[in-house]
Amino acid sequence: MTELSLREPLIFELSKPGRGAVTQFPPNVAGSVRVPENLRRRSPPALPEVSELQAVRHFTRLSQMNFSIDTHFYPLGSCTMKYNPKACNTYAMLPEFLGRHPLGPEPQGFLACMYELQGMLQEITGMQAVSLTPMAGAQGEFAGVAMIRAYHRARNDTGRTEIIVPQAAHGTNPATATMCGYTVREIPCDANGDVDIEALKLAVSPATAGIMLTNPSTLGVFERKIVQIARTVHEAGGLLYYDGANLNAILGKVRPGDMGFDVIHMNLHKTFSTPHGGGGPGSGAVGVSARLKAFLPLPIVGKENARYRWLTEGDLPQSIGRLSGFMGNAGVNLRAYIYMRLLGRQGMVRVAEFAALNANYLMKRLQAIGFEAAYPKRRASHEFIITLKQEHKAYHVSAMDVAKRLLDYGFHAPTTYFPLLVPECLLIEPTETEAKEDLDRFCDAMASIREEMRHDPEKLASAPHTMPVRRLDDVRAAKQLDLIWKGSAAYQEPLGS
Amino acid sequence: MAFIPHTAEDIARMLGVIGVNGIEDLFDEIPAELRAGALSLPEPLSEMEIGRLMGERAAIDGRPLNFIGAGAYEHHIPAPVWSIATRGEFYSAYTPYQAEASQGTLQLVYEYQSMMCALTGMEVSNASLYDGASALAEACLMAVRSNRSSSSRRILMPRAVNPTYAQVARAIAGNQDISFVPVDYDRFAGVTLLEALEAYSAQDFTALIVQQPNFFGSLEEVDALTNWAHENKILLIALVNPISLALLKPPAQWGTEIAGVRGADIVCGEGQSLGVPLASGGPYFGFMATRMHYVRQMPGRIVGRTVDTEGRPGFSLTLQAREQHIRRSKATSNICTNQGLMVTAATIYMSLLGPRGLEAVAQASMQRTGELISALCQVAGVKRGFTAPHFHEAVLLLDRPAAEVLAALYRKGIIGGLDLSERYPELGSAMLVCATETKLSVDIDRYRAALTDAMSASCAT
């Protein structure tokens with residue numbers, strides 16, 4: 001017997017042969033159907049055998065080891081960790097919605113919601129049509145670039161082999177371009193965080209298929225030269241792709257369609273507050289200008305004679321095709337619909353206003369404490385970057401140390417070391433749903449950590465101190481791969497041996 | 001203001017700190033000519049109002065009795081599954097990049113990976129992909145990266161594989177010059193024709209896909225197919241239903257040992273049947289498992305067990321050097337997210353069912369489907385499509401147009417099956433039907449009675 005700890009054994013260690021949550025087992029069914037000998041399983045799979053209470057307690061205890069929006073301020077830049085209203089989950093989980101098979105006759109109630117969602121997203125982004133099919137931001141990106149490719153091909157414009165990506169872009173942008181068969185040409189940003197227009201002019205050519213941009217950029221500032229960028233790329237015959245990662249910053253203030261973008265993806269799990277679920281499911285709806293409408297991924301919801309129906313290959317023969325087995329993350333889209341109806345016209349504009357208010361307030365306060373903003377002359381969008389390069393030099397503490405120490409103070413860490421351009425950076429996004437008091441508490445923690453840097457840097461280097469585990473050995477994790485449980489004997493063997 | 005906590009006093013003080021007069025000033029870097037006008041959106045609703053609206057919309061859709069499977073299966077979901085999965089600590093957490101503050105999710109994913117390896121017999125599993133169809137597309141891309149003895153980028157895609165999955169694989173992998181070659185099925189048995197494969201023996205292919213049970217619900221002769229692939233230096237991608245694996249031979253044991261290798265090389269599939277509701281098609285989750293040999297070619301997140309600075313065990317994301325945020329344009333995939341919340345549900349589901357419960361679910365589903373087929377084949381004009389043994393789905397042939405019959409059934413509150421006429425015109429009027437443990441004899445009787453009426457009624461209604 002050891003003292004109480006935050007650790008929880010593996011579910012496999014709670015298992016005993018013959019135990020089970022038997023009320024969950026189906027009753028025996030009489031019948032004569034048998035699996036042929038040569039196709040049968042010989043021994044049962046090594047799944048745990050536990051009681052219902054053991055399972056409930058185990059997974060509840062595991063949940064308690066997580067930070068989450070419901071329990072902690074979570075200023076993770078680029079991820080928009082805002083409150084996920086409970087109503088969105090409750091009403092998306094009505095039994096009629098949950099029980100519906102995707103291939104049955106078209107459910108008019110559910111499709112009405114999806115049709116209206118498409119319309120609201122179109123209006124907010126200034127695009128001409130929307131498909132809700134992509135299952136995550138990265139799949140929305142894939143759909144977007146695949147549509148750019150299909151567009152050029154349909155015009156027999158086959159010499160376009162390059163996608164331009166600014167250095168500050170998310171890693172998904174270049175990875176997506178590669179997945180779509182393009183080569184990537186990176187261009188730099190200037191000292192104020194805007195795209196270097198001269199570099200862009202040199203980069204565009206008859207080989208340019210398009211450019212992928214985030215605006216506000218990942219540097220937390222609005223790309224002021226967007227009109228010039230759009231003109232330059234369009235004149236070269238390329239198209240503009242909008243990465244919607246930072247759409248929260250501009251809702252109702254400026255629309256990607258009006259900025260000249262041809263195709264965009266939206267992260268419904270960021271801007272429209274569907275849950276992040278510990279890493280998905282997301283939803284990456286795409287919107288397009290008129291010239292890309294024919295290439296949208298399927299299915300899409302259409303309306304004819306007061307009836308809703310799925311548009312398919314017959315309706316859009318030039319579509320880039322299907323990206324999921326059915327119709328994307330339907331239940332996530334339903335949550336986004338409920339969220340948008342709760343906010344409505346007025347609420348939608350306030351999202352950007354209060355996200356910007358919180359970000360700019362937090363930036364000013366942290367500057368006052370002594371932290372260095374990466375772009376002090378710029379307005380923060382919904383997020384901003386502070387760089388710890390001075391502190392790194394003076395006290396040998398890293399951005400990672402500060403991030404880990406924040407956990408001890410009860411705050412989830414901001415995004416660290418992204419964007420890669422800014423040394424020792426923290427990307428901080430408070431979101432509009434945080435109260436001033438919580439921002440102030442965060443500032444108090446940062447001030448206190450700043451004191452520790454000077455007087456007790458070891459405290460930072462060895463943080464966190466209050467979590468279920470201390471800093472983990474990632475090198476060992478990658479070199480001595482231990483990816484599955486291999487039986488109790490293997491587990492009980494001390495890992496250090 | 002919906003979900004915004006600021007009081008007028010808060011706003012005034014915050015603006016003072018920033019040094020601006022109003023919130024509008026915070027947007028002064030946006031060129032004036034680009035500024036949006038008023039949006040045309042509906043007025044906000046209170047929670048009570050949205051609750052009422054959603055209740056009305058749900059009522060329109062009702063709760064018909066469903067007999068479609070075709071890649072999404074209605075199983076009983078134990079109450080603890082979603083009661084725990086929707087706890088805010090799971091529901092509203094982000095990807096576990098800060099490992100120390102995410103040990104709950106990370107340990108759960110490690111347990112999930114272990115369970116998927118137990119089911120499939122494989123050595124490693126990732127933390128999940130978007131869904132079954134996109135998992136198959138990613139498996140194809142992975143096979144091209146992994147099979148060093150093939151340079152063709154051609155993959156054999158049997159026609160007995162879910163046709164939507166084939167479309168998705170083409171849409172996703174096609175942009176990288178990967179092509180798919182169809183392999184026909186035996187019209188009598190409803191399984192992939194080994195003779196059709198033999199014609200390709202001398203050619204260079206990267207991979208062969210085998211779906212077990214296949215789209216028709218029939219059980220493929222997986223040993224012969226796997227051996228053929230390995231004899232021809234072709235990787236075998238197994239597309240499997242996780243519930244069926246409680247009864248069926250795990251893909252790691254398919255075929256015999258050839259050149260030191262036995263079984264499927266990559267295993268993938270749709271995880272929805274493990275505790276995830278049908279919900280009009282998503283969110284579900286795709287799973288993927290493989291040999292340790294190929295782990296660095298596998299896309300998606302992977303959780304590993306390691307130790308902390310005090311030597312205590314802990315969990316973290318590992319092998320991140322494969323991923324987009326490190327490798328950018330050279331990543332194995334552009335994928336960032338997995339379907340974390342669905343994996344949470346599936347892990348709780350598998351823990352509650354265990355090996356005996358899962359086997360009972362598989363067995364009951366198979367028996368109910370047998371009962372359903374026997375009952376429906378007693379109706380005049382209805383007969384079985386194929387002779388091969390089935391798991392929990394089968395094709396029925398009708399002597400009337402399937403679309404009309406299904407429409408008549410729906411008017412009686414029954415979703416009778418999936419019309420195959422467009423997907424497989426050579427079958428004539430055919431539908432794919434499914435029963436799981438959730439269908440009781442009383443449901444099957446109701447279906448048979450309604451089908452009897454539908455088959456004898458005149459076409460016009």
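In what order do the four strands of the open sheet in chain A lie?

1. The model is predicted. In chain A the order is β10-β11-β13-β12, and the pairing is antiparallel. The edges are formed by β10 (372-373) and β12 (415-416) of chain A, each of which pairs on one side only.

2. Inside this sheet, strand β11 (residues 384-387) of chain A and strand β13 (residues 425-428) of chain A run antiparallel, joined over four bridges. One position to look at is A:Ile386, which stands opposite A:Leu426 in β13(A).

3. Two helices of chain A pack on the sheet. Helix α11 (residues 330-369) of chain A touches β10, β11 and β13 of chain A, and its direction makes about 15° with that of β11(A). Helix α13 (residues 399-408) of chain A touches β12 and β13 of chain A; the angle between its direction and that of β13(A) is about 45°.

4. Turning to chain B, the division is into domain 1 (65-76 + 354-456) and domain 2 (79-347). Between the C-alpha centres of domain 1 and domain 2 of chain B there are 28 Å. The contact draws 24 residues from domain 1 of chain B and 21 residues from domain 2 of chain B.

5. On the side of domain 1 of chain B that touches domain 2 of chain B, the elements giving two or more residues are α11 (340-376) and β12 (393-398) of chain B. The largest share of that side, six residues, belongs to α11(B). Sorted by class, this side of domain 1 of chain B holds twelve nonpolar, eight polar and four charged residues.

Note on methods. Residues numbered from 1 in each chain as written. Chains lettered and ligands numbered in written order. Predicted model: local features only at pLDDT ≥ 70, side-chain atom pairs only at ≥ 80, totals over all residues. Pairing = 2+ DSSP bridges. Contact = placed C-beta atoms within 7 Å. Axes fitted to C-alpha atoms, helices over the stretch in contact; angles between N-to-C directions. Domains from an automatic or database assignment. Nonpolar A, V, L, I, M, F, W, Y, C, P; charged D, E, K, R; others polar.
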